[in-house]
Amino acid sequence: MKARRLDGVLLLDKPSGVGSNGALQSVKRMFRAAKAGHAGTLDPLASGLLPILFGEATKLSQLALDADKEYLAQAALGVVTTTGDAEGEVLERHPCRVEAADLEPVLGRFRGEIAQVPPMHSALKHQGRPLYALAREGREVPRAARRVRVYALEALGLDKDRLDLRVRCSKGTYVRTLVEDIGKALGCGAHLASLRRTAAGGFRVEDALSLDALQALDPESRDRRLLPLESLLGGLPRVQLPEELADRFRQGQVLRLEHAPMGPCGVFAAPGVLLGLAEGQDRGELHPRRLINHANG
């Protein structure tokens with residue numbers, strides 16, 4: 001059956017045990033979409049919110065990638081693994097004598113802006129090769145620490161050697177590394193036993209559908225689950241242009257507006273049609289950054 005043009009955003013609740021690309025390809029086939037991508041890889045171990053972007057929405061993927069994220073994480077205390085998660089081999093075992101009263105002084109050290117060293121088992125590249133490929137060869141290379149921000153870090157429960165956490169953090173934060181560092185600070189070591197993404201920007205997993213639930217819908221009902229492109233804008237300022245300026249914006253021309261916002265913004269034509277992303281600069285200049293093509297196809 002011929003693939004069709006489709007523009008919009010689908011909120012998928014990815015199951016554990018399935019890679020992000022595998023989930024994407026399943027959804028793409030269900031919708032018979034000509035073009036699709038996802039916004040923010042989840043490891044196969046992880047479950048939860050994975051925004052699927054169709055058609056012109058892929059041009060706005062960076063907005064979702066840059067958005068803050070929220071996770072529910074379970075830390076296995078007393079066991080350190082090669083990968084920092086449950087898929088790795090056990091490196092160390094330590095007695096776990098952590099009490100609830102021990103948690104808050106440690107968790108408080110990881111709130112706010114912190115430095116993280118990216119794990120070797122990650123998709124970051126060194127000299128053109130992913131770190132995880134080097135790690136599989138038994139190699140370890142130096143990695144520069146990165147500054148990330150943890151907005152919320154809350155202990156939801158402690159049951160012997162299992163610690164449940166809620167984490168709200170900036171893009172680029174490795175929850176696996178956060179769990180490992182918390183384990184070190186507690187004096188027993190830890191690895192990430194499970195991870196579930198519950199939010200990304202303004203999207204919540206409660207509004208997402210599982211692969212099985214999507215499969216059970218008829219095609220028309222699936223299409224009704226798509227969110228419009230502007231749902232990716234979040235809290236960005238919005239500029240509405242009269243038609244003569246909208247035509248110039250569609251051609252990629254820089255506009256000068258009396259009240260142009262500074263920084264990134266969404267730009268709309270008079271009927272409320274999203275034209276793309278722009279960046280407001282000095283002197284009221286509005287510079288096009290991403291243009292949306294609404295031509296029928």
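Analyst: Let's start with burial: buried means under 20% relative accessible area, exposed over 50%, and partly exposed in between, using a 1.4 Å probe and protein chains only. Strands (E, at least two residues) and helices (H or I, at least four) are DSSP runs, numbered from the N terminus. By that reading, 6 of the 7 residues of β17 are buried, so β17 is largely enclosed by the rest of the structure. This is a predicted model, where local features need pLDDT of at least 70 and side-chain atom pairs count only at pLDDT 80 or more, while totals for chains, interfaces and linings use all residues. Residues are numbered from 1 along each chain as its sequence is written, and side-chain values use heavy atoms, with hydrogens and water left out.

User: What order do the strands of the open sheet take?

Analyst: Pairing comes first: two strands pair if DSSP finds at least two bridges between them. Here 5 strands form an open sheet in the order β15-β17-β18-β19-β16, with mixed pairing. The edges are β15 and β16, each of which pairs on one side only.

User: Which way do β15 and β17 run, and how many bridges join them?

Analyst: They run parallel, joined by 4 bridges, and L241 stands opposite A269 in β17. On to β17 and β18: those are antiparallel, with 6 bridges, and V267 has G276 in β18 as its bridge partner. The hairpin of β17 and β18 has 4 residues between the strands, and G272 there takes a positive phi near 95°. β18 and β19 also pair in the antiparallel sense, over 6 bridges, with L277 partnered by R290 in β19.

User: Which residues of α8 are buried?

Analyst: The general idea is that an α-helix has 3.6 residues a turn, so residues three or four places apart point the same way. In helix α8 (residues 243-250), the buried ones are L245, A246 and F249. They cover an arc of only 105° around the axis (taken from the directions from the helix axis to the C-beta atoms), which puts them on the same side of α8.

User: What covers those buried residues of α8?

Analyst: Contact here means heavy atoms within 4.5 Å. The cover includes β15 (238-241), β16 (255-256), β17 (263-269), β18 (274-281) and β19 (285-291). α8 lies across these strands, running at about 85° to β18; the axes are lines fitted to C-alpha atoms, for helices over the stretch in contact, and angles run from 0 to 180 degrees between N-to-C directions. After α8 comes G252, with a positive phi near 80°.

User: Is H287 buried or exposed, going by its relative accessibility?

Analyst: H287, found in strand β19, counts as buried at 15% relative accessibility. Its side chain makes a polar contact with the side chain of Q281 at 3.3 Å. A polar contact is a pair of N or O atoms within 3.5 Å; within protein, one must be able to donate a hydrogen and the other to accept it, and residues adjacent in sequence count only if both atoms are side-chain atoms. Setting aside residues up to four places away in sequence, H287 touches V254, L277, A278, E279 and Q281.

User: How many disulfides does a search of the whole structure find?

Analyst: A disulfide is a pair of cysteine sulfur atoms within 2.5 Å, and the search finds 0. C96 is in none, and its nearest cysteine sulfur, that of C188, is 4.5 Å away, too far for a bond. C96 is partly exposed, with a relative accessible area of 27%, whereas C188 is buried at 2%.
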